[in-house]
Amino acid sequence: MEEILQIFKKFKLQYLLLSHMLLFTTSTALKTAPTLHCGNLQLQTPFLAQNSTNFSPLNLMTRCKSQKLYFRTSLGLFPISSIDYTSKTLIVSHTSCSSSEHFVSPALLSAGFPSPPLPNSLLLFNCSHKTHPTAASFIHNCTRFHMCGEAASEVQLPFSCLLVKDIEKLDPGFHPKDLSCSGYRRVYRRSLSEEDYEGVDLGSRISFDIPDHVPDMCNECKKPNGNCGVGLKCICHANDCSKRQGPFSCHITRH
């Protein structure tokens, strides 16, 4: 009889241990954020609507189309090359060169969102002028970058490459045509140590680090002259959100 009781106690203990393990595993699984992919990019919160009570306006920030992830704007869809969930930033990619005829400022893409950890920058190519009435102190010569277009080596201009280190310091209405530039690139620094801008990547950083205490991120879009860029506008006014691809792959025209 005692032997039977010992066996019973042993099985009871094993049952209790197994129950606790199952409970812990289930609880951990419920707390773990769901993970999906769009192509080779991992999608996590806030780009996933876990349930109706956990919906975030940032769910509308991106769109997965044909296994390619895009940043949704009122100008169209801009491809996303990477997402960093630690720094809460994403990179809107950019082709190697674009024509000034189809200029889209990094500031226009990010307006209304928090400033990224490092400022977005702008490279201007084949410019006839360097000075601008509202941007004289923000524009500098750059000599370490390749030119835009195959005809670059044939073009002899005084300011072949100009750098705007922080695009947010420029007047919102600035356009490369103001300096008679034929092409541009949206770029960003990889780290603070890249002071000379040798270590830059193509694209623009967009921050989605929205504090929980912000009552309504769309308030700026309700103001007549609010800081509402094409990305935030797409979130706050769904009817203004374009489904076509944005003007990001245009050929460079000769100056």
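User: How many strands form the open sheet, and in what order?

Analyst: This is a predicted model, in which local features need pLDDT of at least 70, side-chain atom pairs count only at pLDDT 80 or more, and totals for chains, interfaces and linings use all residues. Residues are numbered from 1 along each chain as its sequence is written, and side-chain values use heavy atoms, with hydrogens and water left out. In general, strands of a sheet pair through backbone hydrogen bonds, either parallel or antiparallel. Here 5 strands make an open sheet in the order 3-4-5-6-13, with antiparallel pairing. Strands (E, at least two residues) and helices (H or I, at least four) are DSSP runs, numbered from the N terminus. Two strands pair if DSSP finds at least two bridges between them.

User: Which are the edge strands?

Analyst: Strand 3 and strand 13 are the edges, since each pairs on one side only. From one strand to the next, the twist averages 45°. Such angles run from 0 to 180 degrees between N-to-C directions, with axes as lines fitted to C-alpha atoms, for helices over the stretch in contact.

User: How many bridges join strand 6 to strand 13?

Analyst: Strand 6 and strand 13 run antiparallel and are joined by 4 bridges. Ile-91 stands opposite Arg-205 in strand 13.

User: Which residues have the most contacts inside the largest nonpolar core?

Analyst: In soluble globular proteins, nonpolar side chains tend to be buried together. A nonpolar core is a set of buried Ala, Val, Leu, Ile, Met, Phe, Trp, Tyr and Cys residues joined through side-chain atoms within 4.5 Å. Buried means under 20% relative accessible area, exposed over 50%, and partly exposed in between (1.4 Å probe, protein chains only). The largest core in this model has 39 residues, and those with the most contacts inside it are Met-61, Phe-71, Leu-90, Phe-113 and Leu-124. The elements that each supply at least two of its residues include strand 2, strand 4 (68–72), strand 5 (77–84) and strand 6 (89–92). Helix 4 gives the largest share, 4 residues. A second, separate core of 7 residues includes Phe-125, Cys-142, Leu-163 and Val-200.

User: Which residues is Met-61 in contact with?

Analyst: Contact means heavy atoms within 4.5 Å. Leaving aside neighbours within four places in sequence, the partners of Met-61 include Phe-47, Tyr-70, Phe-71, Leu-90 and Phe-113. Ile-206, Phe-208 and Ile-235 are also among them.

User: How many disulfides does the structure hold?

Analyst: A disulfide is a pair of cysteine sulfur atoms within 2.5 Å. The structure holds 4 of them. In one, the sulfur atoms of Cys-127 and Cys-181 are 2.0 Å apart. The torsion about this S-S bond is about 110°, so the disulfide of Cys-127 and Cys-181 is right-handed. Cys-127 lies in strand 8 (residues 120–127) and Cys-181 in strand 11 (residues 181–189), so the link ties together parts that are 54 residues apart in sequence. Cys-127 counts as buried because its relative accessibility is 0%, and Cys-181 counts as buried at 5%.

User: Is the link of Cys-218 and Cys-236 left-handed or right-handed?

Analyst: With -85° about the S-S bond, the link of Cys-218 and Cys-236 is left-handed. This pair joins distant parts of the chain, 18 residues apart: Cys-218 is in the loop between strand 13 (204–207) and helix 3 (219–222), and Cys-236 is in helix 4 (residues 230–236). Both Cys-218 and Cys-236 are buried.

User: Is Cys-228 buried or partly exposed?

Analyst: Cys-228 counts as partly exposed because its relative accessibility is 25%. Cys-228 forms a disulfide with Cys-221, their sulfur atoms 1.9 Å apart. That link is right-handed, with 75° about the S-S bond. Cys-221 counts as buried at 14% relative accessibility.

User: Which peptide bond is cis?

Analyst: The peptide bond from Thr-45 to Pro-46 is cis, with omega near 15°. Pro-46 lies in the loop between strand 2 and strand 3. The side chain of Asn-59 reaches the backbone oxygen of Pro-46 at 2.4 Å. Asn-59 is in the loop between strand 2 (41–43) and strand 3 (62–65), and is buried with a relative accessible area of 13%.

User: What is the phi of Lys-88?

Analyst: Phi of Lys-88 is near 55°, a positive value in a residue other than glycine. Lys-88 sits in the loop between strand 5 and strand 6 and counts as partly exposed at 35% relative accessibility. Ser-180 also has a positive phi, about 55°, although it is not a glycine. Ser-180 lies in the loop between strand 10 and strand 11.

Conventions:
A polar contact is a pair of N or O atoms within 3.5 Å; within protein, one must be able to donate a hydrogen and the other to accept it, and residues adjacent in sequence count only if both atoms are side-chain atoms.
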